[in-house]
Amino acid sequence: MKILSIESSCDETAAAVVEDGRTVLSSIIASQVEEHKLYGGVVPEIASRRHCEAINGVVRQALTQAALSLSDLDALAVTYAPGLIGALLVGVNFTKGLSMATGLPLIPVHHLRGHIAANYLAHSTLTPPFLCLVVSGGHSHIVEVRDYTDMEVIGKTRDDAAGEAFDKAARTMGMPYPGGIHLDKIAEEGDPSAFSLPHPKVDGAPYDFSFSGLKTAVINLIHNAAQKGGSLPVADLSAAFRQTVVDSLTKNFLQAAQDLGYRQLVLAGGVSANALLRRRMAEECRIRGWNCYYPPLSLCGDNAAMIGSQAYYEYRAGHVADTSLNARPTLSISYQP
Ligand code: KG4
Ligand code: ZN
């Protein structure tokens with residue numbers, strides 16, 4: 001089954017063709033990041049306008065790269081939640097129009113379910129059930145993936161998402177948006193023991209996260225140093241910050257796996273590109289004899305191939321929309337349509 005999938009939930013306009021949920025026939029991503037960089041973050045209205053301009057060409061390129069025409073497809077899929085509403089609406093309306101014109105079924109896909117499915121594209125033997133740490137710019141969840149379309153959040157952040165904390169700390173240290181990747185690179189050169197940062201935990205909720213106190217601690221350190229006319233060693237501070245975030249993510253994730261008896265652990269979302277998180281999880285799982293999976297770097301960030309993968313499983317579960325489909329800025333990953 002060949003599915004053309006479209007993703008426009010944030011600042012990437014993307015289209016892909018994926019076969020049977022596992023094989024990428026094409027994948028095109030038009031990133032707007034250079035423009036949003038000027039403002040230090042995503043400007044929602046600019047994002048919507050750029051999606052409008054890019055979407056037609058991106059879809060054409062995805063078909064050309066797969067050497068297919070619309071008549072070769074079996075279904076269309078689109079990210080409809082969660083994300084920036086004006087950005088989501090561009091992809092949803094475009095795909096609805098294409099569905100009306102071609103008569104192809106329309107499959108609505110949850111963005112975070114797509115991030116999880118990026119792992120199916122890279123690991124052909126991976127099947128649910130497994131425990132997944134979904135860490136992106138907007139979410140930090142520990143998710144029980146019981147089946148392809150049956151999942152439940154068992155832990156989540158009480159305030160900032162991990163990616164958001166990385167980006168804000170990086171910005172205060174003068175790195176360009178989105179700072180997570182820059183902070184990660186610079187941290188490789190630093191000494192994490194040079195600074196002692198607060199280790200966040202949420203009383204009574206062992207699987208939940210909290211990153212805003214940690215972020216504020218870093219921002220205060222930098223501002224205090226600046227007020228005294230000095231500066232801080234950015235590599236060391238980055239290394240300490242990264243280590244503290246990764247400590248918190250891995251501790252809760254491993255505890256949840258231990259408590260619930262999961263032996264397959266999966267990382268997903270933009271922050272799963274983090275070098276220390278990948279190393280640490282691989283090592284902790286090796287020690288325990290558990291299996292650890294994460295997507296290749298090319299599939300960690302937003303893309304449409306992951307949406308096409310998840311769409312295949314949504315379709316098999318009977319999740320098909322009619323033309324009244326609307327975009328939703330928020331939606332739980334455990335929703336049942
Ligand atoms: O999943 P994603 O591409 O978009 C959302 O759905 O939010 O995640 C983007 C987030 C950004 O906050 C970005 O800074 C972060 O992922 N990120 C990283 C790394 N690469 C991307 N954070 C830490 N280390 C990285 N290497
Ligand atoms: Zn994402």
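This is a predicted model: local features need pLDDT of at least 70, side-chain atom pairs count only at pLDDT 80 or more; totals for chains, interfaces and linings use all residues.
Begin by colouring the chain by domain.

**The boundary.** Next, display the residues where the domains meet: 20 from domain 1 are in contact with 23 from domain 2. Between them the two domains bury about 1,700 Å², of which 70% is on carbon and sulfur atoms. Select Leu 112, Ile 116 and Cys 300; these supply 37% of the area that domain 1 buries against domain 2, more than any other three residues. A search for salt bridges between the domains returns 0, whereas 8 residue pairs are in polar contact, both residues being at pLDDT 80 or more. On the side of domain 1 that touches domain 2, the elements giving two or more residues are helix H1 (33-37), helix H4 (111-122) and helix H10 (305-316). The residues of that side divide into 9 nonpolar, 5 polar and 6 charged.

**His 141.** Now move to strand E7 (residues 140-147), where His 141 is placed. His 141 has a relative accessible area of 11% and is therefore buried, the cut-off being under 20%. Beyond its neighbours within four places in sequence, His 141 is in contact with residues including Leu 112, Cys 132 and Val 153.

**Leu 70.** Finally, select the loop between helix H2 (44-66) and strand E4 (75-81), which holds Leu 70. Leu 70 is partly exposed, at 32% relative accessible area. Outside the four places on either side in sequence, its contacts are Leu 4, Leu 63, Leu 98, Thr 102 and Leu 104.

Notes
Residues are numbered from 1 along each chain as its sequence is written. Chains are lettered from A and ligands numbered from 1 in the order in which they are written. Side-chain values use heavy atoms; hydrogens and water are left out. Helices (H or I, at least four residues) and strands (E, at least two) are DSSP runs, numbered from the N terminus. Buried means under 20% relative accessible area, exposed over 50%, partly exposed in between (1.4 Å probe, protein chains only). Contact means heavy atoms within 4.5 Å. Buried area is the accessible area (1.4 Å probe) that two parts lose on being put together, summed over both. A salt bridge is a side-chain nitrogen of Lys or Arg within 4 Å of a carboxyl oxygen of Asp or Glu. A polar contact is a pair of N or O atoms within 3.5 Å; within protein, one must be able to donate a hydrogen and the other to accept it, and residues adjacent in sequence count only if both atoms are side-chain atoms. Ala, Val, Leu, Ile, Met, Phe, Trp, Tyr, Cys and Pro count as nonpolar, Asp, Glu, Lys and Arg as charged, and the others, Gly among them, as polar.
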